[in-house]
Amino acid sequence: MSFVMTTGLIFPPLQGLWHDSWMTLLLGLAGGIVFALPYTTLCLRFPGKTLIEIHETVFGPVIGKLFSVASIWYTFHLGAQAGAIFITFLTTTIFTMTPRYVFSVTWLLVVGYLCKKGIEVIARVNEMLLVVTVFLIVGTGFLVLNIFKIENFLPLWSISLSDLLRAGFGTITFPFGQNVVFGLLLPFLHERGQARKAVFMGLCGAALFLLINLVITVGVLGELGKIFIFPTHQAFRMISIGQVMTRLELIPSLIFLAMGFIKVSIALYAASLGTAQLCKLQTYRPLVFPIGVLMVIAAHQIYPNIGVRLEMVERVQPIYALPFQLLFPLLALLAAVLRRLPGKEGQA
Amino acid sequence: MFRFLLRKLRLAQQFKENATPSAGYRLHKSLEENIALFRAELGESPDVAIRRFTLNLKKGIKAAIIFVEGLMDQQVVYDCILHPLMIEAKKETWTVDSDLLGFIQENLITASGLAQEDRFPPLVDAVLGGDTVLLIDGQTAALVVSTKNWEKRAIEEPDTEVTIMGPRDGFTEDLRTNTALLRRKINYPGLVFEQMVIGRRTRTTVVVAYVQGIANEKIVEEVKARLKRINTDMILDANYLTEFITDAPFSPFPTIAYTERPDVAAARLLEGRVAVLVNNTPTILMMPSLFIEAFQSPDDYNDHFLYATFIRWLRYLAFLMSFLLPALFVALTSYHQELIPTPLLISMAAAVEGTPFPVVIEVVAMGAVFEIIREAGVRLARPIGQTISIVGALVIGEAVVSAGLVAAPTVIVVALTAITSFVVPKQQEIAIILRLTLAVLAGILGAYGIIIGLLFTLAHLASLRSFGVPYFSPVIPLQVGDLKDVAVRAPLWAMWTRPQALEGQDSKRQNFGERVPSSIAAEEPDRPPSAPGKRKKEEKNRKK
Amino acid sequence: MILLVLLGFALIVALELPGLLKARYWRELIVFALLTAGAFILSLLLVFGVELPYIDSVLIEVFTKLGLTLK
């Protein structure tokens, strides 16, 4: 859940369609749910198996490995992306003087520690942070009431349907479709039968909070919001209650930062575990730090400036992510159905 | 060369071990030889007394008693052993059959605890434990008379855990007294004490206590297994055990709790925990222990629950402040000045002006100074300790500011932190460690550093377990039912289950929310007399 | 800077290697060594200021050439 939330909170979906962005968000949610279907079906079909193992059973060892490598690359890329976003965020908004590598190294230390402790610890820390975040978002919602302008949402329906669809499609792949990573993790849920429910609940919850956040941001900033790269940050900057509660932008951004840690940890965990399973290793733990270092390097080398990043998100990301998010699981599902895997006997 | 030396050493050690007599060897027939055995084992220590006398039964038989002075009751030895054997035996005309020892045991010695023993090592243990050993010439067995009695501290209120209300008794150094205190609190046959001896040289008696039918048996077994695996030669204090059996030996968080109060121990036992009592220590260990326990004071249960809840929240706040405040102060003043309201910022800037050091150094240094003052005051005699704190607090605090070395806000922050850290004394050590690390991190990386430190701590807390129980539960993983004694202090009749995290048996304390209803009828009826009329009106309305 | 990188990698190796050797996880050791070596070389290249391609730029280029971009 927090996985989707974090990036979305910092980058509200989509420039261009500013005051109607809440609609794209809902569209994204619907799309995300559709996208999650093949994955959860797969996981229910092969209980207790990760995506890597499923690939191998379904496609056979050689092609399965190819698919697995691609999936691992995607998770790795996701983690690196998230890391890069947060490093950029930090160096451009709060710590403009500190060199980047300071952040990436400390980042790596904490994320590596979390990963080494395993998914259970990541999940528990996440739980804790989630509660804090929810409180903060709701709380700040009240704080901005005095500068909140409902007019900022007008006019409704000012965009064409095609624009809306395109934007919605972007939202599906950009925060909402990133659940591939969970394909690697779903088997670790305590109650296996509830995998589908858990994912849906997560998506809906995330969408709800993104929505609240979006409403706050749009309501506060209005047309201005378009020019900022990190509008949420700017919105909290505007908070001013009396002389005491002023410019609280640091607090939400730090919380989002903490959530970012979780996101990268999950990605790193998934990538390490995937690699370990790909190579048929007994444990993923020794791989955490090497892959982590690689991820940090990738995060530094992911885009030269934020412009490239935005271009990527707008033009390439949807297409690039599509195979990983929809095509692979669909193919796997198809192959599984055709080959009648797993046999009924095997399941019992 | 090295290896050769090592082998030699090992050989020598083996030789030595062979030289000491094997464990099971027995007594001789002759009294003198037995006494010589004891002398050889116990040396010529002046506190080991050997009293020879003649057993005046029919013909005079030589006998001796051996005991350690100071560990036994002189009166009991006289009344129960010497007097009957020397005086009373003379008066009567006994018909002694072949079993002399059995006869003495049954007819003469009047002590309540008595046993026959023919192996030598247990006899030595008995003497060292305060019992008296009776040796008789011509017998290959001896009698062990229980005469344990030594100077004990009286039961006092423990200094470390003071409460305003509630019982005033505290554990003492004496194991028997402590078990008795627990028995008095839990007058239930399910309270089990299991005894073992740990420490090759100190041979400390350790008692594992739990309530059968409530405690999780797996945890009980685990505690016993871990205790048995300890192989050291001295256990002088409860903490010696803690460090050997704790789950995470390097973690600064205590995964085994301690208390000096029988009421706390009894409450914990009845929640399904296991207690370990160590002889010669007034502190009792309790496991598994959760992080949240440190915030529960026995006073919480003696006060009104609303007030107790409020106080508990204050405690959480104080604990947060005690490790976060300096770090936040550093981060705010040196990185995120924009977050400080402008008027405050101006006055702070005025105070900081002219001080030579960065805020981090001020905070860390003043924090260290405070810890030094505290440490200096703690171990001194009380009047001197007070002088030290006055000098430290007033003179240094005041002088340092007026000399312009440290800004006044820093002193305020450090002082506040110092006070808050005493609100939760059981997690105080962690607060100190966290406080300094976070302050340094904040000095390097601002709020980002704090987040990193906190996340690290959180991850560590989430991964810690105490005897299989997640240390940070019921917060993470969330167990809603257990929050009734964490987020609030629910009224006692609403705390109807024991903590689920401990996975004990018989989790229900009482029926849910079952209180004792008043048996005196309320003078005013619940429903005002006009109610029937109203009802009629309502019916009319409905008809319309 | 180079020293720091060296130190970091030495730390990683020192942290992981004994455990791997002790448990005789040879496969793990090989994968670990490969990954670490890769990371090491890349970070050295970065430190020496070699211009490495940016991932997103490469992706954008590839996808543009394939004609698979949204306008």
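This is a predicted model: local features need pLDDT of at least 70, side-chain atom pairs count only at pLDDT 80 or more; totals for chains, interfaces and linings use all residues.
Local features need pLDDT of at least 70, and side-chain atom pairs count only at pLDDT 80 or more, while totals for chains, interfaces and linings use all residues. Residues are numbered from 1 along each chain as its sequence is written, chains are lettered from A in the order in which they are written, and side-chain values use heavy atoms, without hydrogens and water.

**View 1. Chain A meets chain B.** Here 31 residues of chain A are in contact with 26 residues of chain B (contact: heavy atoms within 4.5 Å). The two chains bury about 2,500 Å² between them, 75% of it on carbon and sulfur atoms. Buried area is the accessible area (1.4 Å probe) that two parts lose on being put together, summed over both.

**View 2. The side of chain A that touches chain B.** Helices H4 (61-94), H5 (100-117), H6 (119-143) and H11 (250-278) of chain A each give two or more residues. Helices are DSSP runs (H or I, at least four residues), numbered from the N terminus. H5(A) gives the largest share, nine residues.

**View 3. The largest nonpolar core.** This core has 126 residues. A nonpolar core is a set of buried Ala, Val, Leu, Ile, Met, Phe, Trp, Tyr and Cys residues joined through side-chain atoms within 4.5 Å; buried means under 20% relative accessible area (1.4 Å probe, protein chains only). A:Val125, A:Phe261, B:Phe291 and B:Tyr448 touch the most other members. Helix H15 (residues 428-463) of chain B gives the most to this core, 17 residues.

**View 4. Around B:Phe291.** Leaving aside neighbours within four places in sequence, B:Phe291 is in contact with B:Phe253, B:Phe319, B:Gln427, B:Leu461, B:Tyr471 and B:Phe472.

Terms used. Buried means under 20% relative accessible area, exposed over 50%, partly exposed in between (1.4 Å probe, protein chains only).
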